[in-house]
Every structure is written in C-alpha cells, then in structure tokens.
Amino acid sequence: TQSTRPQRLLNAVQKNATRGDPRSVVKAIDDFCRHKEWAMNVGDEKGCILDSVVSEINPAAVLELGTYCGYSTVRIARLLPPHAKLITLEFNPDFAAIARQVIAWAGLEEKVQLVEGASGDWIPKMKEQFGITTFDLVFLDHWKDRYLPDTKLMEECGLLRKGSVLLADNVICPGTPDYLEYIRSSPRYESRYFKSHLEYTKVEDGLEKSVFKG
Ligand SMILES: O=C(NC/C=C/[C@H]1O[C@@H](n2ccc(=O)cc2)[C@H](O)[C@@H]1O)c1cc([N+](=O)[O-])cc(O)c1O
Ligand SMILES: [Mg+2]
C-alpha cells in the first residue's frame, strides 16, 4: 500500500534523528521538507520566531491548534519548563497517530497531551477535562477559517487572561483575513506582525503575535 507524506516524514525522523533529542527531530523534519517533500510545518525560519516568543513567555500552559505531524509541538515542548503542559488538538486521526510517534521520538510525551477532535468541540471542555484555568500561549496553525471563531470561543470560555499571547501562523499565506481584521482592530488585543516566509519557500508569510488585554 502507498505510504502517505506524514508516514514518510516519520520515517525520515526515525532514520535521521536521535531518540530523545528534540533538536535532531526538528532538523530531520526540516531537512526532509526542504530537500525531499514540502509539508505544512511552521518550518525553521518562522520556527525561530516561535522559539523566541515561547522563551520570552516561559509558559506553564500552552494550547496548540493543529498538530499535523507534531513539528511545532516538538519545537514548543522542548523549550517548556518542567511541569509545564502543552495541549495540542488534532482532527485527523492519521495525522494524530504520526504526531504521537514524532513526539515520542523526541522524548517529550510527558509535556504533551495530544487530543483528537475538533477545536470547536474541545475548547469549551478544556477547563473541566484538563484542569486548565487559562492558557499563557495559544499557537494557531489549524484550518485558517477557524482562527477567528476559535479565538472568540476562547474569549467566551474564559481561557484567556490579561497577558495571554495568541501566536498565529500563515496570516499572509494562505492568509487569515477575517482573523487579522478582528485582532488588529479589537481594543482587547495588542498585535504585532513578524514578517517571514512560507516554510521552505521564498514566498512571504508571517506570524501575528497578539497579547490579550483582559
Ligand atoms: O492549511 C494549512 N494548515 C491547515 C492545518 C490543519 C491541521 O489542523 C488540524 N486541525 C485540528 C483541529 C481542528 O479543529 C481542525 C483541524 C488538521 O487536521 C490539520 O492537521 C497550511 C497551509 C499552508 N500552505 O502553504 O498551503 C501552509 C501552512 O503553514 C499551513 O498551516
Ligand atoms: Mg501553518
């Protein structure tokens, strides 16, 4: 049977990365996507911006929307302090199965809770299911038309506190125009655009960092 791209990406990790070494897992995926098959990971260039935002916040509770193969999950989790938790939501069970193995290869299972299902269903259940009060950081990288409804849902569910940071991938390419319009015009957020490039290409893309004012 034909393998899928996520399966080939996992094979590249298992072949080229060292177990328990998150940096080598990140490098193996970037090498695979740059030289073998493009895949929609945040990538190394935008990944460095992600790293700096995570390190600046030093978050105890992180939510990632859109795990895919677990590339950004590993990038974020490797920087978290002990006892910090990253909850990552993945809708596609095949992607989730691959991501679990990538996260395990990096040795980060203790810090990551991968939850299968739709963000719209799970966001309202975060508090009761996972004992979350608020998230210090949310990384949005799932379906682009879900960024805005899910942000409004997180506000309504009281999952954001004064100072919570939303970091959104792909605000230029593929683009999230309704989200950008909302977040940049809302008095409840301080937003800043980090110009970069679409992963593994020269096309412009960037990350929007938005701090919730409460
Ligand atoms: O489309 C993009 N991303 C959509 C990601 C979607 C992921 O989020 C999951 N999800 C998890 C929970 C949900 O509720 C819904 C989906 C989906 O099952 C998928 O794993 C994209 C596209 C390009 N591109 O160049 O075309 C570049 C990028 O960086 C991108 O992120
Ligand atoms: Mg993306």
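**Exercise 1.** Which spacing do the donors of the magnesium ion (ligand 2) follow along the chain?

*Solution.* This is a predicted model, in which local features need pLDDT of at least 70, side-chain atom pairs count only at pLDDT 80 or more, and totals for chains, interfaces and linings use all residues. Residues are numbered from 1 along each chain as its sequence is written, ligands are numbered from 1 in the order in which they are written, and side-chain values use heavy atoms, with hydrogens and water left out.

Step 1: take as donors the N, O and S atoms within 2.8 Å of the metal (3.2 Å for Na, K and Ca); water is not among the atoms, so sites may look incomplete.
Step 2: the protein supplies Asp-141 (OD), Asp-169 (OD) and Asn-170 (OD1), at 2.0 to 2.2 Å from the magnesium ion (ligand 2).
Step 3: the spacing is D-x27-D-N.

**Exercise 2.** Find the nearest side chain of opposite charge to Asp-30.

*Solution.* Step 1: locate Asp-30 in helix 2 (residues 22-35); helices are DSSP runs (H or I, at least four residues), numbered from the N terminus.
Step 1: Asp-30 is buried, meaning under 20% relative accessible area (1.4 Å probe, protein chains only).
Step 2: Lys and Arg count as positive, Asp and Glu as negative; His and the chain ends are not counted.

**Exercise 3.** State whether Asp-169 is buried or exposed, and do likewise for Asn-170.

*Solution.* Asp-169 has a relative accessible area of 0% and is buried. Asn-170, at 4%, is buried.

Terms used. Buried means under 20% relative accessible area, exposed over 50%, partly exposed in between (1.4 Å probe, protein chains only). Helices (H or I, at least four residues) and strands (E, at least two) are DSSP runs, numbered from the N terminus. A salt bridge is a side-chain nitrogen of Lys or Arg within 4 Å of a carboxyl oxygen of Asp or Glu.
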